[in-house]
Amino acid sequence: MNTAGLSLDNIPSFNVPMGFFLIAPWFGILAATSLLFYPDALTSRWNPALLTFVHLLTLGFAAMVMLGGMIQVLPVVSNRSVPATDYVAPWIKGFLCLGCIFLAGGFICTEPFMFGTAIVLLGAVFILFLGFVGAALVGAGRGGSTLLCLRLAALSLLSTISLGILQLSTYLDLEWIDYLTKHTDNHMMLGLLGWALLLIMGVSYQVIPMFHVAPSFPKWLTTIVPTTLFVALIAAVFSNEQLYPWLLYLVLACVFLYGASALRVLRQRKRKLVDYTVRFWQFALGNLLALCGLYLISSSGMDIGISDSRMELLLGFGFGLGFVVSVMLGMLQKIVPFLIYLHLQRACIEDVNAFMSLPNMKDIIPTSRSKWQYRLHIATVVMFYLCLLVPDLQHYLIVTASLIMAANFGWLLRSLLIANGIYNSKLPRKVLSTAS
Amino acid sequence: MTSIAEYMTTQHRCCDDSFVAAESAVSDKNWDEARSQWQTFCNDLESHLQNEEQQLFPAFEQITGNSAGPTAVMRMEHEQMRAMVSDMNDALEQQNGETYLGLSETLMILMQQHNMKEEQILYPMTDRVIADSAGLIEGLTDL
C-alpha cells in the first residue's frame, strides 16, 4: 500500500520552491525594463525586443515559478517521495537563470555565441527537470486527473523546448531543421496552451476546491478536457492546412469548457470572504473566456478594426499576462504563506515557545498587501491592452505600462522577501544551526 | 449501501458548513452568531475526530497490523488542528477578529489538505480492507 503522499516528510525543504519564487520576480522586472529601452517592441511579434520581453516573462518568470511549484507538489500528487530534490533543484534554477539571460541577450544583440550558450543551458535545464520529474510522473502509477494533467503538461513542455531549441539552432546555421514560422507557432501554442494551461488546469482541480471550500470539478470534465486538448494540440502540429483550423476550434472548445467550469466552481464556493486569490482566479478566467470570444470573432473574418498582427499580439498578451501571470500571482499569495506555516510548524514541533509564536497565514502576506498586488496587476494588464488597442498612442502608453509592470513585480518581490524574512526569523535556533 | 468514504466525506462537508458560517459571522462582527456556529463546528469536528481515532483507525490498524503508518500521520494532524482550534477559541473569546481570521485561514487550508488526503487515499483504503463497513458505520457518531 503506497501511502507516501500522506506524509509531509516527503516534501522538499522550504528553500527549494522559495528559491525559485524569489528569483522569478527579478525576471518580471527585467522584462518590464527591457520595454523601456525598446518602446517600439509591440510593432510585430517577430521584433527581437518583443522576443526578448516574451522569453524573460515566460521562461524567467512563469517557468521559474512553475518549475518550483511542480517540484513542490509532485511528492503529494504522485503519492511518492521524489529523491534528491534538494540537490538537483539548485542546478535547475541556476541553469534556467543563466540560460534565460543568454537567450534574451542573444535576441537583443543577435549574437550566435549567446544563442549557443542558451541552447546548452536551457537544454540542460529541461533534460534535468524532465528526467527528474518525468521519472516520478512515470513511476507514480495510475493517478487522478491532476496527475494526468501534469503528465500531459510535461510532454507539452518537452515538445515546446524541443521546437524552441530546433528553431534557435537555425540562428546558428546548424541546419537541424529549416526555419519555418509554423514551427514558431507550434512552439508558442504548445508552450501556452499545452504546458502552461494543462499545468494550471491540473493544479486548479486540487487547489480551487481545497483553498476556497468549493465543490470538486465534474469528474468527466477533468479527464476529457485535458486529454482532448493535448491530442488536438499534437494533431494540429502534424496536421495539414485544411485540418489545422478545425483542430484549433477543438482546442478553443476545451479552453472555453475549462474556463467556464472553473468560474462556475468558484462561484459555488462556500467561503465568501474577501480573498484576493479568488479575485485573481476570476480575473484570469474572465480574460480566458474573453480571449476565446476574440479568437472566434477574428477567425470568422469579421472586421473589428484590429489588424491581424495586432490581434496576434492581443491574444498572446491576454493569455500570457492576463491569464497565466494572473493565476500565478494569485496562487503565490496563498501557497507561500501556507508553505511557510507548514514548514515552521514542523520545525517548531519540539520547541514549545517557538510553536506558541507561529505566525498565521495572514501575518505572512496580509490581505492589504495582496490587495495592492491585485490592483497593480489589473493596471498592468489594462495598460497593455490599451497599448495594443490604441496604436497611435502606443509609444507613450508602453512607457506607463512598463513602469506599472515593473512596480507589479517589484511589489511581488517585496512581499516574498518579507515572507521569507518572517520564515527565517521564526525558525528555531536549533534548526538553523543544524541547517548551517 | 453507504461506503466508509461516503459517510466520512459527508462529515467533512458538514464541518465545512459551520466553519465557513462562523468565519463569515466574525468577518461581519456578528459575535453571537459566530459563537453559536463556532460551537457547532467544534462539537462536529471533535465527534468526527473521535470517530476516526476510536473506531475507524483502530479497525484499520488491526487488519493491516500497522499503527505507525498513515493513521499515525493523520493522528498527528488531528493534534495540530486541535491546537489551532484552541487558539481560535481564545481569539473568539477576546473578539479579536483579525487574529481569528488569520488563524481560520490557516486552519481551513490545514483541514482541507488533511481531508483531501483522507478522502483520496485513506478512506478508499479502509473501504478495501474492512469487510464489515456497514457494521463499522453503525458504531460511529452521526453529526
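**Cavities and the contact between chains**

Analyst: The largest cavity has a volume of about 150 Å³. Before we go on: this is a predicted model, where local features need pLDDT of at least 70, side-chain atom pairs count only at pLDDT 80 or more, and totals for chains, interfaces and linings use all residues. Residues are numbered from 1 along each chain as its sequence is written, chains are lettered from A and ligands numbered from 1 in the order in which they are written, and side-chain values use heavy atoms, with hydrogens and water left out.

User: Why is the largest one called a cavity, and how do you get a volume?

Analyst: On a 1 Å grid over the protein atoms alone, a cavity is a set of points where a 1.4 Å probe fits but cannot get out. Grid points are joined across faces, edges and corners, and the volume is the space filled by probe spheres set on them. By this rule there are three cavities of 30 Å³ or more.

User: What makes a residue part of the lining, and which ones are closest to the centre of the largest cavity?

Analyst: A lining residue has an atom within 4 Å of a point. For the largest cavity 14 residues pass, and K334(A), K362(A), I365(A), S370(A) and E105(B) are the closest to its centre. Helix 10 of chain A gives the most, with three residues. (A helix is a DSSP run of H or I, at least four residues, numbered from the N terminus.)

User: How is the lining of the largest cavity divided by class?

Analyst: It has six nonpolar, four polar and four charged residues. Ala, Val, Leu, Ile, Met, Phe, Trp, Tyr, Cys and Pro count as nonpolar, Asp, Glu, Lys and Arg as charged, and the others, Gly among them, as polar.

User: And what about the second largest cavity?

Analyst: That one holds about 60 Å³ of space. Its lining includes H12(B), D16(B) and H114(B), and it divides into five nonpolar, four polar and one charged.

User: How many residues of each chain are in the contact?

Analyst: Contact means heavy atoms within 4.5 Å, and 26 residues from chain A and 34 residues from chain B take part. The buried area, meaning the accessible area (1.4 Å probe) that two parts lose on being put together, summed over both, is about 2,600 Å² between the chains, with carbon and sulfur atoms giving 70%.

User: What makes R271(A) and E105(B) a salt bridge?

Analyst: The rule asks for a side-chain nitrogen of Lys or Arg within 4 Å of a carboxyl oxygen of Asp or Glu. Here the closest N and O atoms are 3.0 Å apart, so the pair qualifies. R271(A) lies in the loop between helix 8 (244-267) and helix 9 of chain A and E105(B) in helix 4 of chain B, so the pair joins two chains.

Notes
On a 1 Å grid over the protein atoms alone, a cavity is a set of points where a 1.4 Å probe fits but cannot get out, and a pocket is an open set with protein on both sides within 12 Å along at least five of seven lines; lining residues have an atom within 4 Å of a point.
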